[in-house]
Amino acid sequence: MRHGDKEAAVRRLLDTPHPPVPGDLAARAAARGGRALRRERALRRTGGVLAGIAALAFTVWAADARPWEPPPAATTPPFAGP
């Protein structure tokens, strides 16, 4: 399809009558967008709270388990005597 053919097809489409648009379309779109924003904000807030709880749980576990210290020896060294 050449450029001229495409342009003619678009012009034919634009010359046809446009479909009717509901009068409350803008209000419905705004309400839907508001709900989407509130849902996204709630999900982000919930994720932040869960991340904070996970960080706190890790901190408490690390303070108790002390994974940075070497584990105690499984056997005792030999006794050389007095």
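Visitor: Let me start with Glu-69: does this residue count as buried, exposed or partly exposed?

Guide: Keep in mind that we are looking at a predicted model. The general idea is that a residue counts as exposed over 50% relative accessible area and as buried under 20%. Glu-69 has 42% relative accessibility, so the label here is partly exposed.

Visitor: Which residue does the side chain of Glu-69 meet in a salt bridge?

Guide: The partner is Arg-66, with 3.6 Å from N to O. A salt bridge is called when that kind of distance is within 4 Å, so a pair at 3.6 Å qualifies. Arg-66 is partly exposed too, at 43% relative accessibility.

Visitor: How many salt bridges does a search of the whole structure find?

Guide: The search finds five.

Visitor: Fine, where do Glu-7 and Arg-11 lie?

Guide: Both belong to helix H1, which covers residues 3-15. They are four residues apart, about one turn of the helix. As for accessibility, Glu-7 is partly exposed at 35%, while Arg-11 reaches 52% and is exposed.

Visitor: And which residue forms a salt bridge with Glu-40?

Guide: That is Arg-44, and the closest N and O atoms of this pair are 2.7 Å apart. Arg-44, at 56%, is exposed.

Visitor: Let's turn to rings. How many aromatic pairs does the count come to?

Guide: The count is one aromatic pair. Its members are Phe-58 and Trp-61, with 5.7 Å from centre to centre and 40 degrees between the planes.

Visitor: Why is this pair called tilted?

Guide: Look at the angle between the ring planes: under 30 degrees would be stacked and over 60 edge-to-face. The planes of Phe-58 and Trp-61 are 40 degrees apart, so the pair falls in the remaining class, tilted.

Visitor: What separates Phe-58 and Trp-61 along helix H2?

Guide: They are three residues apart, which again is about one helical turn. To finish with accessibility, Phe-58 counts as exposed at 52%, whereas Trp-61 is partly exposed at 45%.

Terms used
Residues are numbered from 1 along each chain as its sequence is written. This is a predicted model: local features need pLDDT of at least 70, side-chain atom pairs count only at pLDDT 80 or more; totals for chains, interfaces and linings use all residues. Side-chain values use heavy atoms; hydrogens and water are left out. Helices (H or I, at least four residues) and strands (E, at least two) are DSSP runs, numbered from the N terminus. Buried means under 20% relative accessible area, exposed over 50%, partly exposed in between (1.4 Å probe, protein chains only). Rings of Phe, Tyr and Trp (its six-membered ring) pair if their centres lie within 6.5 Å; planes under 30 degrees apart count as stacked, over 60 as edge-to-face and the rest as tilted.
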